[in-house]
Amino acid sequence: MSHYGQGYPGQPPYNNSSYDSTGAYPPQDPYNTGGGGYDPNAGGYDPNAYGNASSAPPYSAYPPAAGLMPGNAPGPGGPGGPGGYPASPNFHAMGLGGNSPYPANANVNNMGGMAGPGNASGNGNYDNYDNSNNYNNNNNNNNGGNYGGNSNNFNSNSTHNNNFNSNGSFNNGSNGGNGGNGGNYNNNNNNFNNNNNNNNNNNNFNNGGNNYDGGNNNNFNNGAKNNSNNSSNNYSANPASPTSFGSPESQYQSGGLTYQQTIHNPPQPLRQSPSQPARAEAPKPEGDYPVVMGIDFGTTFSGVAYAVKLDGEVQDIAKWPRHLAQYPKTPTLSLYKKDSQKILDWGHAARLAMLKPSAKDFCLLRKFKLQLDESIHQAPLENGITALEAVTHYLKKLHGHVMSELNKGYMKSYEPGQYQYCLTVPAMWSDAAKNTMRRAAIGAGLIQEGDPPNRLILISEPEAAAMYCERMVDRFSLKHGDRFMICDAGGGTVDLIVFEVSEPPGQTRHLKEVTRGHGASCGSVFLDANMERLLESKFRRYRKGIKACGWASLMDTFVDMVKPLFNGQDDVMMQIPQATGLEDLNDPDIGLEEGVLCVPVEEMKSEVFEPVISDVLDLIQKQLHQSQNCNAIFMVGGFGSSRYLEKRVREEFSHLVGLVAVPQRPELAVVRGAVYAGLNTKTINMRVARRWYGVDANMPFEEGVDPESKKIISHDGHVRCKERFSVYVKPGQQIGVDECVSKEYVTWSYPKGLDSPLYVCNSPTQPKYITDPGVQKIADFHIPMPEIPGAQPRTRVVFKLNMYFGLTEVRAEAVINGNTYTTICSFGGGGGGNR
């Protein structure tokens with residue numbers, strides 16, 4: 001028998017040089033089974049000898065390669081021993097040698113052929129087993145991939161779909177590193193390297209386009225006459241998708257990860273390889289920045305503060321365009337021309353522009369931060385721009401003004417690249433919403449896409465407020481083990497978290513979360529909405545005569561003069577602005593006399609304040625239930641300084657909590673706390689997960705428990721259950737800020753990268769499958785695959801997926817061959833999770 005080379009292509013000890021003109025694979029001499037040879041043009045060939053002219057030769061007709069002997073042949077695969085071809089009854093993985101992924105499973109043929117070095121995986125799942133391609137099934141031998149290459153027919157010029165030598169070779173699909181583009185081992189001319197040789201410069205495995213077998217149509221055998229239904233398939237690709245693994249559309253293989261084990265002990269820092277390939281990068285080192293800038297992007301007002309790290313003194317930005325008085329907040333307003341997406345002005349200037357006669361030509365965007373709250377329905381923005389665009393436009397104007405102000409003084413000695421940013425976000429926001437803020441910061445020019453991740457720190461608003469209040473712990477006599485609640489009541493949202501003071505003797509004081517922080521959109525803007533409805537009711541007879549600017553002035557009077565001072569005891573006396581044209585009107589039926597509107601206190605409470613404040617009290621009650629004990633409640637934020645809200649909190653909870661306090665300058669607690677967070681990132685060293693987080697994984701199948709529809713056979717031959725929810729963290733779990741949760745998986749997708757979807761669930765019970773009700777996909781972590789020396793396509797790769805949930809943003813890393821690589825995270829819509 002001729003020499004067939006050293007093993008199958010892609011299996012050690014494979015040697016491409018063995019495939020020469022005399023020792024070609026398969027052999028050229030007739031290999032008869034009842035009189036039939038391989039080559040239809042060779043003497044002695046008789047397709048009828050196989051019993052069915054339209055079917056492939058029987059298993060016994062396939063020639064063995066070194067290390068893979070037929071089960072009935074002498075040698076290592078002797079009678080009854082290992083050997084046989086994949087999907088043949090006598091096949092056994094041990095006959096392959098090395099670390100073959102082929103299972104010893106007589107039912108392999110039912111799943112559709114082998115998913116090994118020369119196979120195209122049918123649906124792209126890491127652990128799927130080629131559920132569409134039968135190795136020896138009639139008319140289906142090459143539909144999407146088979147053992148010896150994708151769409152390689154054994155007999156060229158044959159009319160049979162499942163014959164064995166078309167213009168591609170039997171094992172051309174995985175011959176070492178170059179794959180061979182339509183190399184003909186046994187074509188009409190009996191030439192191993194006929195038109196498209198095994199090392200064709202344009203069709204190598206690692207050619208410029210990174211297609212497994214090149215070719216304009218991504219076919220495994222370019223130019224073959226009988227491609228056996230493989231006009232658009234290539235190595236390990238989904239036939240419905242773009243197929244070259246080097247193309248942008250298919251750099252990553254999607255589907256479930258094959259679960260190996262959970263790493264209970266967080267891994268130690270791993271060494272980085274000295275030179276990383278372009279497709280996989282080591283994590284960037286943290287940058288060192290001398291200046292910290294905190295930005296509190298609010299629903300109604302925004303603020304900015306900063307500090308030089310050397311002295312740590314926090315300074316507020318108090319000068320704003322078109323505002324005479326100095327105040328450390330500016331309105332979150334943006335002015336656009338109608339039907340235009342170019343911002344014209346912002347802040348106070350935008351508000352003043354709407355008081356001019358030309359205001360009819362403009363639109364004023366307000367409260368657009370609420371667009372990022374996925375729990376409430378919001379109408380599209382008036383001028384048709386997205387929430388991301390609106391936030392980006394505003395942040396660019398805000399940041400530009402701040403930098404201009406700083407460059408007027410001693411801060412001009414610092415370059416823009418020396419600033420680190422701490423941007424606050426509501427604790428209740430989803431991961432997708434948080435990611436939108438990061439993208440907006442990049443679009444606004446605060447940071448650049450390639451900057452180290454720590455140049456922009458996202459911190460939740462109650463955490464920032466806790467950093468502010470932490471400096472007052474001694475003043476309020478809070479000690480080690482005591483707990484305090486932050487109730488950050490702002491313009492749009494109210495966020496709450498309970499923290500515990502950790503200050504063992506002789507150690508630095510830290511804070512740790514002890515409750516699952518939560519919140520709701522029940523901020524002071526909802527008081528405004530209630531008041532506007534009340535005024536609409538009172539002035540319905542005069543409403544048509546009041547111009548838009550006059551009505552806006554009336555609402556400003558409530559926001560600036562009534563809302564902050566309402567105490568729930570006195571009737572409200574509200575001066576009617578001249579812009580309304582009603583300053584001299586008398587109407588006793590609505591309580592209007594000489595331009596002053598009197599609203600009874602009980603009406604103000606029932607119609608305006610109580611519907612919103614009851615929601616806030618409910619949130620506080622839920623936090624206290626979680627914490628069991630709490631020593632203090634700190635009210636911060638603009639709405640948190642409301643006298644009536646403070647009064648109601650004291651009435652409801654003073655018997656449970658010893659202290660209810662509003663710290664100095666509560667409206668600045670978040671923005672100043674953001675700067676403190678940048679100055680000391682380790683003050684809060686423990687956080688609590690708010691929901692289940694997990695990934696899609698293939699796990700051992702439980703008979704009688706898992707549905708049969710989820711049963712698959714993996715590449716290693718094990719029966720597994722697909723679409724299992726592999727839990728990383730559970731709700732209520734405490735997580736250290738630097739704590740790594742690590743799980744080990746295996747993939748056969750090499751050299752493709754991996755797509756690992758991240759799922760969340762709010763259910764009180766652990767979800768079992770990613771298809772369970774309430775489970776939502778929130779993101780994809782794209783894991784680039786590094787170059788592994790000596791690895792062949794479809795090589796089994798074991799890797800660890802390390803995830804960090806102790807930060808405001810979820811972060812992931814992959815550890816492959818002892819080296820750590822960054823992942824690329826793509827967040828989508830559809831719910832999203834919040835840590």
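Predicted model: local features only at pLDDT ≥ 70, side-chain atom pairs only at ≥ 80, totals over all residues.
Of the 835 residues of the chain, 57% count as buried. Among the contacts in the chain with a separation of 6 or more, those between residues 24 or more positions apart account for 67%.

Strand 13, which spans residues 494-502, is mostly covered, with nine of its nine residues buried. Its side chains are divided between two directions: V494, L496, V498, E500 and S502 point one way, whereas D495, I497, F499 and V501 point the other way, and all are buried. The charged residues D495 and E500 are thus included in this list of buried positions, D495 on one side of the strand and E500 on the other. Pairing of strand 13 with strand 12 (residues 483-489) is in the antiparallel sense and extends over seven bridges, and the two strands are joined by a hairpin through four residues. Within this pairing, I486 has I497 of strand 13 as its bridge partner. Strand 13 is also paired in the antiparallel sense with strand 14 (residues 510-513), over four bridges, and here F499 stands opposite E513 of strand 14. A further antiparallel pairing, over three bridges, is formed between strand 13 and strand 15 (residues 518-520), in which the bridge partner of D495 is G519 of strand 15.

An open sheet of three strands is found with the order 16-18-17 and antiparallel pairing. Strand 16 (572-575) and strand 17 (592-593) stand at its edges and have a single partner strand each, so that one side of each is left without a neighbour in the sheet. Strand 17 is connected to strand 18 (residues 596-599) by two bridges, the two strands running antiparallel, and E593 stands opposite V596 of strand 18.

Among the helices, helix 3 (residues 387-406) packs against helix 4 (residues 431-443) at an angle of about 45 degrees, with the axes of the two helices 8 Å apart. This geometry makes helix 3 oblique to helix 4, and the crossing by which helix 3 passes helix 4 is right-handed. On the side of helix 3 the contact is made by L388, V391, T392 and L395, while helix 4 contributes T436, M437, R439, A440, A441 and G443. The residues of this contact comprise six nonpolar, three polar and one charged.

Two individual residues were examined in their surroundings. Y419 is placed in strand 10 (residues 419-425) and is buried, with a relative accessible area of 0%. When residues up to four places away in sequence are not counted, Y419 touches Y289, V291, M293, M403, L406, M411, Y414 and R455. Y419 and P290 are separated by 129 residues in sequence, yet their C-alpha atoms are 6.7 Å apart in space. K605, in turn, is found in helix 8 (residues 601-627). K605 counts as buried because its relative accessibility is 17%, the cut-off for a buried residue being under 20%. Again not counting residues up to four places away in sequence, the residues touched by K605 are F566, G568, E610, P611 and Y644.

Note on methods: Residues numbered from 1 in each chain as written. Heavy atoms only, no water. Axes fitted to C-alpha atoms, helices over the stretch in contact; angles between N-to-C directions. Parallel < 35°, antiparallel > 145°, perpendicular 65-115°, else oblique. Left-handed = near helix turned anticlockwise from the far one by under 90°. Contact = heavy atoms within 4.5 Å. Buried < 20%, exposed > 50% of the residue type's maximum accessible area, 1.4 Å probe, protein only. Pairing = 2+ DSSP bridges.
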